[in-house]
Amino acid sequence: MMVYSRQKIDDDDIQAVVEALKSDMLTCGNRVSEFESALCELTGAKFAVAMNSATSALHAGYIALGVNKNDEVITTPITFAATANAAIMCGANVKFADILPNGNIDPKSIKPLINDKTKVITAVDFGGYPADIDEIKNLTKNSQIKIIDDASHALGSSRDGKMVGNLADVSIFSFHAIKPITTFEGGALLTNDENIATSARLTRSHGIIKKQAWNMDMIKLGYNYRLSDVACALGFSQIKKLDKFINRRYEIAKIYDDAFKGSKYLKTIEIPSNIRSARHLYPVLLNSNLWCVKEDIYNELHARGIGVQVHYKPTYQFSFYKNLYGEIRLNGAEDFYRAELSLPCHQMMSDEDARLVISNLNEIMEKYRSRCAI
Ligand SMILES: *Cc1c(COP(=O)(O)O)cnc(C)c1O
C-alpha cells in the first residue's frame, strides 16, 4: 500500500539510536537538551521543551497559559482531535471557528467568538501551510488572549521568511512516525517566554523541582510527559535531514500541481511564493459534483493500493463533542470535509509513484463522475 505519509529511517538514524541505547542515560540525559537546542536553532525560538507527544505539549501549553475551568479556547475543527481535547483536559470550553479554503482557521470567523472568557486562540498549520498568526494577533491587540500555533504538520515551514515555531506565543510540533520528522512518538513546545518554558518543564516532570541532596519539592501538579534520550537521538539525527525531506515532498507536489492544473474534477491548494510549507499533506479538493462518490473513489483507490486519507472529520462531529455542545455546522469546514482527499506525498516516493496516483485518480474520477445527480 502506498501511504499518504510515512517516515524515512536511514542507517545513520539507526546508528544514532543504537549509540543512545548503549549510553548510561536512556532518559533524562543530555540528548534531550541537544535535540531541544536543534529545534531552537531551526526555528529561532528561545526555548524548546521536548515531550512524549504533541498532545502532551498542547496540554502543557494550555496549562502554561493559565487555561482553566470556564475559560474559552477558540480553535479550528479541521484538525486532529487532540487540538481541542487538550483544552478540554484543562476544563475549558472550546469554541469552533470556521476555516478558509486552504484549510486554516479563518480570522474573520474568530472575531465574533471573542469575549471576556476567551483565553487562548489555537491555530493549526493545515498540511504544513502556516496559519496567518499576525492577522490573528491583530484581533487580540489590547487583550490578554494568547495564541497557540499547533504546528504538528509544519516543522520547517515559514511565512515571509519567518520560521513556524517562532510566530505565536506557544508553538507545538509532533514527531509521530508520519509527521515531518519522527522520534517514534514525540512532540515539543516552543516559546520565547521563559515563564511558559519553565511551566512546561514542570508539567513534563511531575511538577517536581530539585532542592539539595535528596530533597525535592513538588510545587504544582505535573505529569510524566518526558521524551527519552533514545527518542531524542533519533530526532536529532532526523532534523538534519528535514530540508531534504521537504525538498523531495515539493518535487512530488510539483508533479501533482502540474498534472491537476485545470482539472475538471478537483482543485489543489496553491502555496504562494512567500510561504514554504513542510508539505506534510498534499490535499486535493474534489469539485462538489463528486462529493457524493468520494467514498467510492476512496475505496477504489485503496483497492488499487493507493492509501489516500481524509483530513479531517470536523472535531465537532465526534460523539464526545456532540454530547458536550450539541449539533454544530460550519459551512466552510463541512464543505472542506466533503471535498478533501490527501494524496500520498512523502520522501520515500518516486516520481513514478506520483504518476501512478495521478492516472488512477483521474481514471476513477472519470468513472464515477456521472453517478452523482446534481
Ligand atoms: C498529529 C497531530 C497532533 C497530535 O500529535 P501526537 O504527537 O500524536 O500527540 C495534534 N495536532 C495535529 C494537527 C496533528 O496533526
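1. Ground rules. This is a predicted model, so local features need pLDDT of at least 70 and side-chain atom pairs count only at pLDDT 80 or more, while totals for chains, interfaces and linings use all residues. Residues are numbered from 1 along each chain as its sequence is written, and side-chain values use heavy atoms, with hydrogens and water left out.

2. How they meet. Contact here means heavy atoms within 4.5 Å, and by that rule 42 residues of domain 1 touch 38 residues of domain 2. The two domains bury about 3100 Å² between them, 65% of it on carbon and sulfur atoms. Buried area is the accessible area (1.4 Å probe) that two parts lose on being put together, summed over both.

3. What holds hands across the gap? Between the domains there are zero salt bridges (a side-chain nitrogen of Lys or Arg within 4 Å of a carboxyl oxygen of Asp or Glu). Polar contacts do turn up: 16 residue pairs, both at pLDDT 80 or more. A polar contact is a pair of N or O atoms within 3.5 Å; within protein, one must be able to donate a hydrogen and the other to accept it, and residues adjacent in sequence count only if both atoms are side-chain atoms.5. The ligand. A side-chain N or O atom of Thr 55 is 2.6 Å from a ligand oxygen, and one of Asp 150 is 2.8 Å from a ligand nitrogen.

4. Tyr 312. A polar side-chain atom of Tyr 312 lies 3.4 Å from an oxygen atom of the ligand. The peptide bond leading from His 311 to Tyr 312 is cis, with omega near -5°.

5. Ala 213. Although Ala 213 is not a glycine, its phi is positive, about 45°. Most residues other than glycine have a negative phi, and most peptide bonds are trans.
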